[in-house]
Amino acid sequence: QVQLVESGGGLVQAGESLRLSCAASGSIYMIGIMGWYRQAPGKQRELVATITSDQTTHYADSVKGRFTISRDTAERTVYLVMNSLNPEDTGVYFCYARVVTMPAAAYSIQWGPGTLVTVSS
């Protein structure tokens, strides 16, 4: 089994920063792309940022210049540094990873349970 566990969410004021972490554990042979999605109350889940195994990053337009995604391959961890937060960034942030559990096996998408980020105005 593979587990993803997020941490670092919380309540902050507009303009402040937070750092989210997501650690993968379990029966893992290889991890491909990792990333973050978020879901605001009453809205659909949306992509925030992704990072490939060769460190190529992609960001949603709404977070470009404010958020930075990174990963530690050895630690099987992905991070999201969020600066200049505003109330529109409020939501549950979910980590995901494409994981291979054994050689020659297919990738599977794994999700964490989510961590709540609340930004007050």
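**Exercise 1.** Is Arg38 buried or exposed, and what is its relative accessible area?

*Solution.* The model is predicted: local features require pLDDT of at least 70 and side-chain atom pairs pLDDT 80 or more, whereas totals for chains, interfaces and linings use all residues. Residues are numbered from 1 along each chain as its sequence is written, and side-chain values use heavy atoms, without hydrogens and water.

Step 1. Buried denotes under 20% relative accessible area, exposed over 50%, and partly exposed the range in between (1.4 Å probe, protein chains only).
Step 2. With a relative accessible area of 5%, Arg38 is therefore buried.

**Exercise 2.** Determine the salt-bridge partner of Arg38 and the network to which Arg38 belongs.

*Solution.* Step 1. A salt bridge requires a side-chain nitrogen of Lys or Arg within 4 Å of a carboxyl oxygen of Asp or Glu.
Step 2. Arg38 meets Glu46 in such a bridge at 2.7 Å, N to O; Glu46 is partly exposed, at 37%.
Step 3. Asp89 and Arg66 form another salt bridge, with their closest N and O atoms 2.8 Å apart. This pair links distant parts of the chain, 23 residues apart, and both residues are buried.
Step 4. Arg38, Glu46, Arg66 and Asp89 are linked in a network of salt bridges.

**Exercise 3.** Characterise the surroundings of Thr77.

*Solution.* Step 1. Thr77 lies in strand S8, residues 77–82; strands are DSSP E runs of at least two residues, numbered from the N terminus.
Step 2. Thr77 counts as buried because its relative accessibility is 8%.
Step 3. Beyond neighbours within four places in sequence, its contacts (heavy atoms within 4.5 Å) include Cys22, Met34 and Asp72.

Note on methods: Helix = DSSP H or I, 4+ residues; strand = E, 2+ residues; numbered from the N terminus.
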